[in-house]
Amino acid sequence: MNRKKIVGLLCGCLMTMSMFSVIGLSAEAAQCTHPAFIVGIDALKEPFQTDDGHYERRGTVHECPTCKYSYWENVYTIKVGDHNWVWTDNKYSCTGCERTKP
């Protein structure tokens, strides 16, 4: 077998396994009746950085304890701080994230 056929076969197997795992997770969530949700108010959804500072996305998360299905409501973004620039290795870099500036 040549290399292209082996790579094609492996990619096909990976795609098939991925498809079955997604179908399995969807089927599990579809079978659950979500009898109750655990509610997290002002929960951290994701932190991120832009050129002008550090931010967080927060909101209310509802999670089923049985199947772990979750959804978010009232998602908002807040600025939690500015970059803390220090001069090291001939460049300015932020001590709180991986950002550098020229």
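**Entry 1**

I started with strands β2 (residues 53-63) and β3 (residues 70-81), which pair in the antiparallel sense over nine bridges. A reminder to myself before going on: this is a predicted model.

Then I turned to the connection. Six residues lie between the strands of this hairpin, and K68 takes a positive phi near 70° there.

**Entry 2: the sheet of β4, β5 and β6**

In what order do the strands of the open sheet run? I read the order as β4-β5-β6, three strands with antiparallel pairing.

I then checked how β5 is joined to β6: the two run antiparallel and are linked by two bridges. For Y92 I looked up the bridge partner in β6, and that partner is K101.

**Entry 3: the loop between β4 and β5**

My next stop was the loop between β4 (85-88) and β5 (91-94), where D89 lies. N90 has its place in the loop between β4 and β5 as well.

I went through the backbone angles here. D89 shows a positive phi of about 55°, although D89 is not a glycine. For N90 the phi is also positive, about 60°, and N90 is not a glycine either.

Is D89 buried or exposed? I noted a relative accessibility of 71% for D89, and because the cut-off for exposed is over 50%, D89 counts as exposed. N90, at 68% relative accessibility, counts as exposed too.

**Entry 4: a nonpolar patch**

Last, I went looking for nonpolar surface. Which residues make the nonpolar surface patch? I listed F37, V39, I41, Y69 and Y71, which together make a patch of about 470 Å².

I41 sits in strand β1 (residues 38-50). The relative accessible area of I41 is 70%, so I41 is exposed.

**Entry 5: recap for my own use**

The positive phi values I wrote down belong to K68 in the β2/β3 hairpin, to D89 and to N90. The exposed residues I noted include D89, N90 and I41.

Note on methods
Residues are numbered from 1 along each chain as its sequence is written. This is a predicted model: local features need pLDDT of at least 70, side-chain atom pairs count only at pLDDT 80 or more; totals for chains, interfaces and linings use all residues. Side-chain values use heavy atoms; hydrogens and water are left out. Helices (H or I, at least four residues) and strands (E, at least two) are DSSP runs, numbered from the N terminus. Buried means under 20% relative accessible area, exposed over 50%, partly exposed in between (1.4 Å probe, protein chains only). Two strands pair if DSSP finds at least two bridges between them. Patches are made of residues with over 30% relative accessible area and no salt bridge: like charges are joined within 9 Å, nonpolar side chains (Val, Leu, Ile, Met, Phe, Trp, Tyr) within 5 Å. Accessible areas come from the Shrake-Rupley method with a 1.4 Å probe; for residues, only the protein chains shown count as cover. A salt bridge is a side-chain nitrogen of Lys or Arg within 4 Å of a carboxyl oxygen of Asp or Glu.
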